[in-house]
Amino acid sequence: QVQLVESGGGLVQSGGSLRLSCQVSGRTDETYAIAWFRQAPGKERRFIAAMTWVSDFPTYANFAKDRFIISRNNAKRTFDLQMRSLRPDDTAVYYCANRRTFGSENYEDWGQGTQVTVSS
């Protein structure tokens, strides 16, 4: 089984930056890619970005391409999400999720989430 723990959330002013981190632990043969999602109050969970353990070419949602960067540290088993030029509508709970295999259609394992609040 794979465990995921997010950190780095908090309160930031509009225009500021935050760096979230996802610590991955557990079985190394049950993780193919890690993604970041977010869920704002009253809204559906939304995909932000994803990256596999071996590729240097991440995938981004259109809204995230200009301001968010996902990165990976294989030695530490972490996936970070660097966010800049934050706006109040970026306020959400941010989750990292694990896709177990190349053939998986969904992300099967989820962290507890970390709250990001952007004040105007």
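User: Why does Tyr107 count as buried?

Analyst: In this predicted model, Tyr107 has a relative accessibility of 19%. The cut-off for buried is under 20%, so Tyr107 counts as buried.

User: What makes the pair of Phe37 and Tyr107 edge-to-face?

Analyst: Two values settle the matter. The ring centres of Phe37 and Tyr107 are 5.4 Å apart, and rings pair if their centres lie within 6.5 Å. The planes of these two rings stand at 75 degrees, and an angle over 60 counts as edge-to-face. The pair of Phe37 and Tyr107 is therefore edge-to-face.

User: Which parts of the chain does this pair of Phe37 and Tyr107 tie together?

Analyst: Phe37 belongs to strand S4, whereas Tyr107 is in the loop between S9 and strand S10 (109-110), so the parts tied together are 70 residues apart in sequence. Phe37 is buried as well, since its relative accessible area is 10% and the limit is under 20%.

User: How is the pair of Tyr95 and Trp110 classified, and why?

Analyst: The centres of the Tyr95 and Trp110 rings lie 6.4 Å apart, and the limit for a pair is within 6.5 Å. Their planes are at 80 degrees, so this pair too is edge-to-face. Tyr95 lies in strand S9 and Trp110 in strand S10, so the pair ties together parts that are 15 residues apart in sequence.

User: Why is Trp110 called partly exposed?

Analyst: Its relative accessibility is 28%. Buried requires under 20% and exposed requires over 50%, with partly exposed in between; Trp110 therefore counts as partly exposed. Tyr95, at 17%, is buried.

User: Which residues form one aromatic cluster with Trp110?

Analyst: The cluster consists of Phe37, Phe47, Tyr95, Tyr107 and Trp110. Seven aromatic pairs are counted in the model.

User: What lies over the face of Trp110?

Analyst: Arg45 does, at 3.8 Å from the ring centre; the distance limit for such a placement is within 6 Å.

User: Which residues have the most contacts inside the largest nonpolar core?

Analyst: They are Trp36, Phe79, Leu81, Met83 and Tyr94, in a core of 26 residues. Elements giving two or more residues to this core include S1, S7, S8 and strand S4 (33-39). S3 gives the most, with four residues. A second, separate core has five residues, among them Ala35, Phe37, Ala97 and Tyr107.

User: What makes S1 and S7 edge strands?

Analyst: The open sheet has four strands in the order S1-S3-S8-S7, paired in the antiparallel sense. Strand S1 (2-7) and strand S7 (68-73) each have a single partner strand, so one side of each is left without a neighbour in the sheet. From one strand to the next the twist averages 20 degrees.

User: How many bridges join S7 and S8?

Analyst: S7 and strand S8 (residues 78-83) pair over six bridges. Two strands pair with at least two bridges. Within this pairing, Phe68 stands opposite Met83 in S8.

User: Why is Arg67 called buried?

Analyst: Its relative accessibility is 8%, and the cut-off is under 20%, so Arg67 counts as buried. Arg67 is placed in the loop between strand S6 (59-60) and S7. Apart from neighbours within four places in sequence, Arg67 contacts Gln82, Met83, Arg84, Ser85, Leu86, Arg87 and Asp90.

Conventions. Residues numbered from 1 in each chain as written. Predicted model: local features only at pLDDT ≥ 70, side-chain atom pairs only at ≥ 80, totals over all residues. Heavy atoms only, no water. Axes fitted to C-alpha atoms, helices over the stretch in contact; angles between N-to-C directions. Buried < 20%, exposed > 50% of the residue type's maximum accessible area, 1.4 Å probe, protein only. Contact = heavy atoms within 4.5 Å. Core = buried A, V, L, I, M, F, W, Y, C linked by side-chain atoms within 4.5 Å. Phe/Tyr/Trp six-rings, centres within 6.5 Å; stacked < 30°, edge-to-face > 60°. Lys NZ or Arg CZ within 6 Å of the ring centre and 35° of its normal.
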